[in-house]
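Reader: I would like to learn how to read a few backbone and packing features in a model. Could you take me through them one at a time?

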Amino acid sequence: MLKFPNGHEYKLVYLDTNAISEIAKNYRNTFVNFFDYFNFFESGDCDRYALITTAYNMVELNKTREEYKSKIIEKFDFIPVLIVEAFPKIVVTELHSDDFIMFATGPKPLLNNQFSTIFNQLNDILNKDQSLRNHLNSELKIWNNDRILMKDMTKLFENSYAIYNTYNYDYNMLYNSKSAKIFSYIKYYFLYKKKLPIDENSIIDSYNACIAPFVDVYVGERSVTSWLEKSKDKYDFMSHVECIKISKFYDK
C-alpha cells in the first residue's frame, strides 16, 4: 500500500514484461479485461490502484521488436506507472527503510517522463555503460556453478549479492530482509526445480521478484507467479500478495 501526501492510499500492482506486453497488444482483450478487473478508471475512494514495474523491465521492453514497442508506447505513455528498484539495491533500501520508488512515468504535462522518453534515454545509457551486461555475465557463471554445487538459499543470495556489495554489508544481516529471501527462493526454483538452461531472463525475473513482498498484486508470467504463490507456505510476509498470471485476463 502506498500513501500519498493528499491522504489517498493506493494498492500497488506490479507488472512484469510479459504483462506489459500483453496489455499493450491487447492480446485476447487483455487490456480491457485487466483495467476492468481493477476498476482503474473508476472514480471514488475505493479500490485505488497504482501500477509499478522495475527498471530492469524497462531495459527488457526496450529490446522489443519495433512493432510491439510502438504498441507499448501507444498505451503506456498515457498510463501512470511507478518505476521501482529491484535486486540488489532494494535489499539495502529495505534495510534502511528507504523509498524504493525511483520515478514515475505518465502523460504530459502531468509528468516529465513517459515510456517513450525512457526508451530513448536507455539507448544512450546502455551504449555508454556496460555494467549491467558485465553483471549479468557474472551472474550466469555463478548460477551455473551454483546449480552444480546445490547450495542452500543463504549461499545462493550471498553468491549473487557479492557481485554488487561495495559497502561490505554483513550477508547474514542482508539475508534477513524480505527482498533477499524472495530473491533466493526464486533463484532456488530456477536452479533446482526447473530443468531448462539458465539465461538472462531467469536472472532478471529473480531480480524483479524482490519487489513482491512490497506490493498488493503481482501480475506476471506463469512460472514465477506460481512460485511466489507457493512461497506463502514458507514466508508469512507474502500472505497478503495476490499473485496473478497474466493469462487470467485473456478472453476465454
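Reader: Where is Pro88 found?

Author: Pro88 is in the loop between strand S4 (81-84) and helix H5 (89-95). Helices (H or I, at least four residues) and strands (E, at least two) are DSSP runs, numbered from the N terminus. Please keep in mind that this is a predicted model, where local features need pLDDT of at least 70, side-chain atom pairs count only at pLDDT 80 or more, and totals for chains, interfaces and linings use all residues. Residues are numbered from 1 along each chain as its sequence is written, and side-chain values use heavy atoms, with hydrogens and water left out.

Reader: What should I look for in the backbone there?

Author: Most residues other than glycine have a negative phi, and most peptide bonds are trans. Here the bond from Phe87 to Pro88 is cis, with omega near 5°. The bond from Lys108 to Pro109 is cis as well, with omega near -5°, and Pro109 sits in the loop between strand S5 (101-105) and helix H6 (115-128).

Reader: Which value does phi take at Ser97, and is Ser97 buried or exposed?

Author: Ser97 is not a glycine, yet its phi is positive, about 55°. Ser97 lies in the loop between H5 and S5. With a relative accessible area of 67%, Ser97 is exposed; the cut-offs are under 20% for buried, over 50% for exposed, and partly exposed in between (1.4 Å probe, protein chains only). Asn29, in the loop between H1 and H2, also has a positive phi, near 70°, and is partly exposed at 26% relative accessibility.

Reader: How do I read a pair of packed helices?

Author: Two packed helices are described by the angle between their axes and the distance between the axes. Axes are lines fitted to C-alpha atoms, for helices over the stretch in contact, and angles run from 0 to 180 degrees between N-to-C directions. For helix H1 (residues 17-25) and helix H4 (residues 66-76), the axes come within 8 Å and cross at roughly 80°. H1 and H4 are therefore roughly perpendicular, a label for 65 to 115 degrees (under 35 is roughly parallel, over 145 roughly antiparallel, and the rest oblique).

Reader: Which residues of H1 and H4 meet?

Author: Ile20, Ile23, Ala24 and Lys25 in H1 meet Tyr68, Lys71, Ile72, Lys75 and Phe76 in H4, where contact means heavy atoms within 4.5 Å.

Reader: Is Phe34 buried or exposed?

Author: Phe34, in helix H2 (residues 30-38), is buried at 0% relative accessibility. Leaving out residues up to four places away in sequence, Phe34 touches Val13, Leu15, Ile23, Phe40, Leu51, Val219 and Phe249.
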